[in-house]
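Here are a few friendly notes to read with the coordinates open beside you.

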Amino acid sequence: MQHANAANRLDRLPISRFHKVTLLAVAFAYFFEFADINSFATTAPKLIDLWGVTVDQVAYVTSLSFVGMFLGSVVAGTIADRWGRKKSLLRTTLFFGVFSFVSVFSWDVVSLGVFRVLTSAGLSAMTVVAVIYVNEMYPAAVRGKYQAYAMVIGICGTPATNLVASLVVPLSDWSWRLVYLWGSLGILLVLFSRHIEESPRWHESRGDHAAADAVLSRIEAQVTAEKGPLAGPAEPVEEPPAVKAPLRLLLRKRYLAPTLLLTVLWVTQTIGFFGYSSWAPTLLAKEGFSVEKSVFYVALTTVGAPLGSYLASLVTDRFERKWCLVAFGTVIALCGLLYGLTFDPLLIVVFGFLVNLFERGYTALAYAYSPELFDTRSRSLGTGITYGLGRLSNAAGPLVIAALYNRTGYQSVFYFIAGTWMVGAVALAVFGPRSRPVRPAVREPKRVTSAT
């Protein structure tokens, strides 16, 4: 076989049970990523009381976790290209699940910090692989929508973890460990392994057109049985097999601009979001709210997260993603600032709810926008490096926030977070390329009534 024509054959498929099962598998992985990622933030107030952990120690553990995220992101691009998207998704999820489980048995803040670094590496690697996988498995016209749909389900892991933490952390001196046990349930993704396919575009990029055709034929048979005869695909464009992309590739003129822009996007998103989510329970507790109330208030705010991902699904394929990101980032900056200027419990919940709503929408949009700025050869490398640099930047973020809080107080933290979001919004507005040509809103591919 000379060419499997994977991209065009996938693009003309109507959405079917195959796509929905794939969506469910990715969403399940996302759910336990978001369930696990805030575990330390929700247990830190208890550890301050139980182990005498200081704000500076919370900052160090959080910072080192982002070093782990950077390493996971960088490795993710390599393993996604070497092992394939499906195997990488399963193995990275297994990795973070195992180390979340090991965190249950931590005996001091140092051991917990080591286990959180390893867990974070797996979390970040899984995210990069999942973004690439969705980008390659769904029709181009609706991939942004389905990336957001996966986030709608997945982001429920954040409020679920916060609610679990609010219930179990106060029970006893050991019950905080159950939060990490909860996060480890991502291991159950292995139950989906027989129901999802390897990316045929990955097979094709390696020059293995026969394997790509075999996967595509299975997918097309499932879709045809459910939806009827399919439209013929567009003619293939011949491309040489992809070779391993060296890091210096991103320094070429063609790739340097999107690499720099997306680095700014992910740096500001990471510092802005985790500066808020990782610190809100601890800072509220430090400002006089009880541990139970601080965790509960944050749990209520995170209810907005799934709605934000759903909002992104409504706009991502209808409007230019660049301008959606600019608008969402500006709203987050404003609401985050107002959150920090009030101590009224009702307003804390309202503005926190809005921060979570628009931030999760922003992230879903960014997951769709980022891989579109790279071609097939550079997609894994570019997505992994820029996402990883964003995570690495937050190795400094918690230290800055701790210094601001200790020297100038609670509200200065939120001025810093709001400013970070505005830097990202301005950079996208001025330098961000369009993710696609200007065109009317697209609709999902439709089936035809006769075979071709």
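**Notes on packing and helices**

1. Tyrosine 30 touches Met126, Thr127, Ala130, Val131, Gln147, Ala150, Met151, Gly154 and Tyr367, if residues up to four places away in sequence are not counted. Please keep in mind that this is a predicted model.

2. Tyr30 also turns up in the largest nonpolar core, which has 97 residues; Tyr30 and Leu265 are those with the most contacts inside it. Helix α2 (residues 17-37) gives the most to this core, contributing twelve residues. Another core lies apart from it, with 16 residues, including Ile48, Val58, Val104 and Ala165.

3. Helix α17 (residues 345-372) is worth a look. With 28 residues at 1.5 Å each, α17 should span 40 Å, and its end C-alpha atoms are 41 Å apart, which agrees. Of the 28 residues of α17, 21 are buried, so this helix is largely enclosed by the rest of the structure.

4. Where does threonine 268 sit? Threonine 268 is found in helix α12 (residues 253-277), and it is buried because its relative accessible area of 6% falls under the 20% cut-off. A polar atom of its side chain lies 2.8 Å from the backbone oxygen of valine 264 and 3.1 Å from the backbone oxygen of leucine 265. Leaving aside neighbours within four places in sequence, threonine 268 is in contact with Phe273, Thr420, Val423 and Gly424.

5. On cysteines: the disulfide count comes to zero. Cysteine 156 is partly exposed, at 30% relative accessible area, whereas cysteine 335 counts as buried at 8% relative accessibility.

Notes:
Residues numbered from 1 in each chain as written. Predicted model: local features only at pLDDT ≥ 70, side-chain atom pairs only at ≥ 80, totals over all residues. Heavy atoms only, no water. Core = buried A, V, L, I, M, F, W, Y, C linked by side-chain atoms within 4.5 Å. Buried < 20%, exposed > 50% of the residue type's maximum accessible area, 1.4 Å probe, protein only. Helix = DSSP H or I, 4+ residues; strand = E, 2+ residues; numbered from the N terminus. Contact = heavy atoms within 4.5 Å. Disulfide = S-S within 2.5 Å. Expected span 1.5 Å × (residues − 1). Polar contact = N/O pair within 3.5 Å; in protein donor to acceptor, adjacent residues only side chain to side chain.
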